[in-house]
Amino acid sequence: MKKVTLAAMSAIMISSAVPAAAELVFPLLSYRTGAYAPNGIPIADGFTDYLTLINERDGGIGGEKIKILECETAYNTEKGVECYESTKGEGSLVYWPLSTGITYQLIPKVTADNIPLHTMGYGRTSAANGKIFSHVFNFPGTYWDAASIITKHMMDVEGGSLKGKKIALVHHNSAYGKEPIRTFEVLAEKHGFEFITLPVDHPGQEQKSTWLQVRKEKPDFVTMWGWGVMNQVAIKEAASIRFPMDRFIGVWWSSNEGDVLPAGDKASGYKAIALHNTGTDFEIYKDLDKHVISKGLAAGAGDHVGEVLYNRGFMQAALLVEAARNAQKIHGTSNITPAMMRDGMESLKIDQARWAEMGLANYAPDINVTCENHGGPGIGFIQQWDYGTKKWNIVSDFIAADRSVVDPLIVADSAAYAAENNISERCN
Amino acid sequence: MIYREAGQFKVSYQEDQETFPIRFDKVAFWLSIFIVAAVIPFFVNDYWEKSVFLPFFIYSIAAIGLNILTGYCGQVSLGTGGFMAVGAYTSYKLMTSFPGLDMFIVIVGSGLMTAAVGMLFGIPSLRIKGFYLAVATLAAQFFLVWLFNKWEWTYNYSATGQITAPQRDFLGIVVTGAYSKPWATYLFCFAFLFVFAWLARNLVRGHIGRSWMAIRDMDIAAEIIGVNPLKAKLSAFAISSFYIGIAGGLYFSVWLGAAEPTEAFSIDKSFDVLFMIIIGGLGSMIGSIIGAAFIVLLPVFFKTTLVGILGWPTDIAEFSQIILIGSLIIFFLIKEPHGIAALWRTLKEKLRLWPFPY
């Protein structure tokens with residue numbers, strides 16, 4: 001029987017692929033192919049380069065070398081599950097799937113398998129409630145924080161009030177893009193603006209009708225939850241209907257160089273919320289040059305260094321490395337397990353002094369994770385694209401999300417999840 | 001040598017009508033069923049369950065379903081993804097609305113609901129044929145996915161439209177959710193495949209199946225010899241959708257545990273299942289299963305080989321995998337346009353005569 005021999009063959013192959021452990025294993029569920037690859041590649045490269053740097057410069061974390069297990073998901077949930085199952089048995093310390101869809105699949109699984117899941121600024125927002133979600137972390141910010149921060153910035157632009165204004169959300173028609181809708185609805189009620197949604201179906205190559213609607217509805221602001229090719233198409237379309245770019249604000253996943261460059265100088269003025277700083281003006285990039293790039297060890301083609309999403313991958317790796325260090329400190333062993341890693345993440349604290357020590361001064365806000373709060377500070381700033389200098393300029397201070405709006409929503413949604421799955425509160 | 005019927009005499013009509021007329025086939029079949037049902041469950045782990053067996057079983061059920069409609073009754077359908085979504089969302093609604101309900105009933109309920117929806121979309125098949133019907137079922141695909149994305153009741157008003165399967169059991173054994181044991185979900189899905197493949201195999205040999213094939217081969221002639229096209233076509237749609245609904249229910253609740261309509265049930269799903277039956281063999285049970293294995297297992301196999309053994313970069317491995325599978329599809333379709341099942345059949349014919357073919 002054909003299938004049995006096939007199964008037997010791959011059985012042998014998998015068993016021979018298992019390495020002798022004693023390293024710190026960081027799985028990397030990346031997507032370098034498919035409609036989302038333009039965004040998946042830089043972030044995977046940034047993540048890999050940071051860990052290579054730690055290996056090359058410091059000899060790993062606490063003397064333990066890091067091993068990266070890369071697995072291609074193509075942003076597809078079935079492949080994501082396959083990747084998770086094939087890597088979890090190899091001592092994988094923490095997962096970050098970079099896909100809200102895969103996150104939803106993994107939340108119950110990681111909890112059962114006792115492996116932490118870090119969805120940095122994506123995934124299920126209500127996982128910020130550590131009382132319910134023991135193994136899921138989404139610091140330093142959530143979509144609902146982002147929605148609130150963007151709204152605050154719009155208020156600043158309008159001089160303090162959004163009453164009677166109209167705000168449109170152009171979103172990827174998936175769990176990811178729908179996530180902020182509820183928050184915007186609450187905010188609309190609170191601040192008295194009108195809120196409309198314009199969904200864009202996967203993969204988002206065709207948006208003529210969406211932007212026709214924008215022309216018809218004439219919103220005062222457009223905000224976008226886009227990913228992959230959808231981003232560049234939206235920015236091009238906005239430019240072609242001459243929508244004022246400084247009133248078009250993307251979430252932090254719609255802010256890569258590759259998203260704005262195709263629209264040329266018409267994209268100048270486009271704004272996006274940022275989780276962290278951009279560019280290569282940080283101490284650590286000198287080390288990166290010395291230990292990784294000049295040695296030819298850079299991941300991928302090595303042409304994304306300093307891009308927004310490259311830096312995001314960098315930050316992702318930095319946070320996880322710090323969490324691993326923290327776990328090593330708590331448990332007094334350098335060879336940590338996923339369960340120890342979870343403890344390390346739950347008590348992770350990074351202040352500006354520590355960021356500077358890491359060579360990333362002024363890179364990101366303070367991180368302070370507690371048992372109750374897995375969502376982090378929930379602050380971000382607004383950056384604006386300038387085609388002339390090919391740079392993102394920071395145009396606002398750190399803006400904090402409106403906790404009085406976001407927190408009740410998190411409590412309500414996580415309570416619903418707890419009720420559905422019979423979870424009792426922790427941290428009491 | 002061993003594969004021949006010499007000396008095996010059939011003395012009753014029943015024996016003559018058997019699915020496996022040659023003893024060797026019968027023994028091999030039951031032996032493999034024994035291994036799959038009673039040996040593998042002792043060894044199966046999370047990886048094999050979630051990445052190999054569950055997708056294989058579930059897509060086999062879907063492929064059998066589509067083969068009933070397309071392979072046996074000749075009605076091309078591109079609505080498989082949408083019908084799987086109906087099964088998935090029905091099982092979600094049943095699981096959350098009636099928490100105590102047994103998973104068996106939930107899955108069969110999903111199948112029945114999908115059968116009803118499938119019949120509704122099958123009505124146009126009485127008037128339109130061939131490619132035009134394919135376009136009509138394509139409308140079903142897009143409409144159903146849109147519906148489950150739009151109609152908040154179907155996903156219990158969750159903020160994201162994502163549905164997540166709660167923990168449920170079958171006769172006290174947990175089969176959904178993260179705490180289900182690999183052997184439990186494995187056997188649960190296998191039981192569905194075995195029972196319903198058995199049923200389908202016997203359906204197509206009987207009165208209904210013959211009326212489907214009559215319609216497929218020439219519908220006007222079939223009508224003249226007394227086959228009621230309304231009954232034949234709608235029953236094919238109903239039964240086919242029933243299978244696809246079961247596959248959709250298992251796909252969401254047992255295998256993935258979470259789904260969103262646009263990604264999990266997109267048009268790609270419809271094409272995948274259609275390719276399974278074209279490559280495996282239209283109008284063949286074993287073809288559905290071989291086709292599912294081809295489309296589901298080969299990517300995993302290539303990935304493990306290229307990345308795990310040869311250590312290729314993941315993106316190059318992914319592209320090569322797509323190229324390899326595409327070339328294999330072309331190769332098999334050139335070698336045998338009627339699918340791998342036909343190749344298998346020819347092989348068996350040759351074996352019977354070996355070593356003295358004429």
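How many residues of chain B are in contact with chain A, and how many of chain A with chain B? In this predicted model, 37 residues of chain B are in contact with 41 residues of chain A. The model scores ipTM 0.88 and pTM 0.90.

**Confidence in chain B**
- The average pLDDT of chain B is 90, and 99% of the residues score at least 70.
- Within chain B, confidence is lowest in helix α1 (residues 13–16), where the mean is 84.
- Confidence in chain B is highest in helix α5 (residues 103–122), at 95.

**The side of chain B that touches chain A**
- The contact joins 37 residues of chain B to 41 residues of chain A.
- At least two residues of this side come from each of α3 (46–72), α11 (261–264), α13 (285–309) and α14 (314–335) of chain B.
- α13(B) gives the most, with 9 residues.
- By type, the residues on this side of chain B are 17 nonpolar, 14 polar and 6 charged.

**Two crossing helices in chain B**
- Helix α4 (residues 80–97) and helix α10 (residues 229–256) of chain B have axes that come within 7 Å and cross at roughly 60 degrees.
- Because of that angle, α4(B) is oblique to α10(B).
- The crossing of α4(B) and α10(B) is right-handed.
- On the α4(B) side, the residues that meet α10(B) include B:F83, B:V86, B:G87, B:T90 and B:M95.
- On the α10(B) side, the residues that meet α4(B) include B:I244, B:G245, B:G248, B:G249 and B:F252.
- The residues of this contact divide into 12 nonpolar, 9 polar and no charged.

**Helix α7 of chain A**
- In helix α7 of chain A (residues 181–191), the buried residues are A:I181, A:R182, A:T183, A:F184, A:V186, A:L187 and A:H191.
- The buried residues of α7(A) pack against the helices α5 (143–158), α6 (175–178) and α15 (403–421) of chain A, and against the strands β5 (166–172) and β6 (194–200) of chain A.
- Just after α7(A) comes A:G192, which takes a positive phi of about 75 degrees.

**A:S240 in chain A**
- Helix α9 of chain A (residues 229–240) contains A:S240.
- Is A:S240 buried or exposed? A:S240 counts as exposed because it has 12 C-beta neighbours inside 10 Å, and a residue with 12 or fewer is classed as exposed.
- A:S240 and A:W211 are 29 residues apart in sequence, and their C-alpha atoms are 9.3 Å apart in space.

Methods:
Residues are numbered from 1 along each chain as its sequence is written. Chains are lettered from A and ligands numbered from 1 in the order in which they are written. This is a predicted model: local features need pLDDT of at least 70, side-chain atom pairs count only at pLDDT 80 or more; totals for chains, interfaces and linings use all residues. Two residues are in contact if their C-beta atoms, placed from the backbone, lie within 7 Å. Helices (H or I, at least four residues) and strands (E, at least two) are DSSP runs, numbered from the N terminus. Ala, Val, Leu, Ile, Met, Phe, Trp, Tyr, Cys and Pro count as nonpolar, Asp, Glu, Lys and Arg as charged, and the others, Gly among them, as polar. A residue is buried if 20 or more other C-beta atoms lie within 10 Å of its own, exposed if 12 or fewer, and partly exposed in between; C-beta atoms are placed from the backbone. pLDDT is the predictor's confidence in each residue, from 0 to 100. Axes are lines fitted to C-alpha atoms, for helices over the stretch in contact, and angles run from 0 to 180 degrees between N-to-C directions. Angles under 35 degrees count as roughly parallel, over 145 as roughly antiparallel, 65 to 115 as roughly perpendicular and the rest as oblique. A crossing is left-handed if the near helix is turned anticlockwise from the far one by less than a right angle, and right-handed if clockwise.
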